[in-house]
Amino acid sequence: MPNDFCATLPLLRKRWSASALQHLLLCPTRYRRSVVERSAQDTGSVKTAFGTAVHAGVAVWENLRQCEDFGFAVEAAVAEALRVFAPPPDEELPSNFTRWALARAVTWYCAKWREDGMYALLLDGKSKLGTEVEFNVPLPFTSPDGDPYRVSCVFDGIVNWSGGEWNKETKVT
C-alpha cells in the first residue's frame with residue numbers, strides 16, 4: 001500500500017478513499033486531529049464496534065463457507081466476531097448490541113446466506129481468495145514529491161454469481 005501522505009508536505013494526503021473524504025467533509029477539524037495529527041482519541045461507538053465485528057465474522061465465514069463442515073465455518077465466524085468486538089469501555093451496551101446479540105447476528109447471517117450461490121473467486125487461480133480486495137487508481141495530478149494522487153477502494157469481495165464476476169459489498173449498518 002502506498003504511503004497516504006506526501007513526504008515533502010507531511011500534512012498533505014495523496015491517497016483518498018470515500019471514507020477519508022466523508023470524514024473530512026463531515027468535520028474538517030476532527031479529521032485534521034484524528035487522521036492528520038493522530039491526536040484525537042475517538043473511541044467510536046457501540047454501533048460501530050458491533051458493525052466492525054459482524055463484518056470481520058462474515059469475512060471469515062465467506063472464506064470458509066465452501067468447506068464441508070458448515071458448523072465449523074459458523075463457529076469460526078462467530079469466534080472472529082467476538083474476538084474483534086471492542087465497544088468503548090465507558091459506554092453501556094444496549095441489549096441489542098451485546099456479545100450474545102453479536103453471536104446471534106453472525107449465526108443468522110451465515111444461515112440466511114448459506115445457499116445463495118455466491119462464492120469468492122480465487123484471484124490467482126490457486127489460493128488468493130477475493131475478499132477484502134484493495135485497489136488504487138492514480139489520478140492525473142502529482143503531489144509535491146512527484147507521486148500521483150490516488151483514489152482507493154476496498155471491496156468486500158469479488159465473487160462468482162449467476163455465471164459472472166461481481167463486486168460484493170456487505171453493509172451491516
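1. At roughly what angle do the axes of helix α1 and helix α2 cross? In this predicted model, the axes of α1 (residues 18-26) and α2 (residues 28-36) cross at roughly 125° and come within 5 Å of each other. Angles of 65 to 115 degrees count as roughly perpendicular and those over 145 as roughly antiparallel; the two helices are therefore oblique to each other.

2. Which residues make the contact between these helices? From α1 come Ala20, His23, Leu24, Leu25 and Leu26. From α2 come Pro28, Arg30, Tyr31, Ser34 and Val35. Sorted by class, the contact of α1 with α2 has 7 nonpolar residues, 2 polar and 1 charged.

3. Salt bridges come next. A search of the whole structure finds 4 of them. One of these joins Lys14 to Asp145, with the closest N and O atoms 3.6 Å apart. Lys14 lies in the segment before β1 (15-17), and Asp145 lies in the loop between β3 and β4, so the pair ties together parts that are 131 residues apart in sequence.

Notes. Residues are numbered from 1 along each chain as its sequence is written. This is a predicted model: local features need pLDDT of at least 70, side-chain atom pairs count only at pLDDT 80 or more; totals for chains, interfaces and linings use all residues. Side-chain values use heavy atoms; hydrogens and water are left out. Axes are lines fitted to C-alpha atoms, for helices over the stretch in contact, and angles run from 0 to 180 degrees between N-to-C directions. Helices (H or I, at least four residues) and strands (E, at least two) are DSSP runs, numbered from the N terminus. Angles under 35 degrees count as roughly parallel, over 145 as roughly antiparallel, 65 to 115 as roughly perpendicular and the rest as oblique. Contact means heavy atoms within 4.5 Å. Ala, Val, Leu, Ile, Met, Phe, Trp, Tyr, Cys and Pro count as nonpolar, Asp, Glu, Lys and Arg as charged, and the others, Gly among them, as polar. A salt bridge is a side-chain nitrogen of Lys or Arg within 4 Å of a carboxyl oxygen of Asp or Glu.
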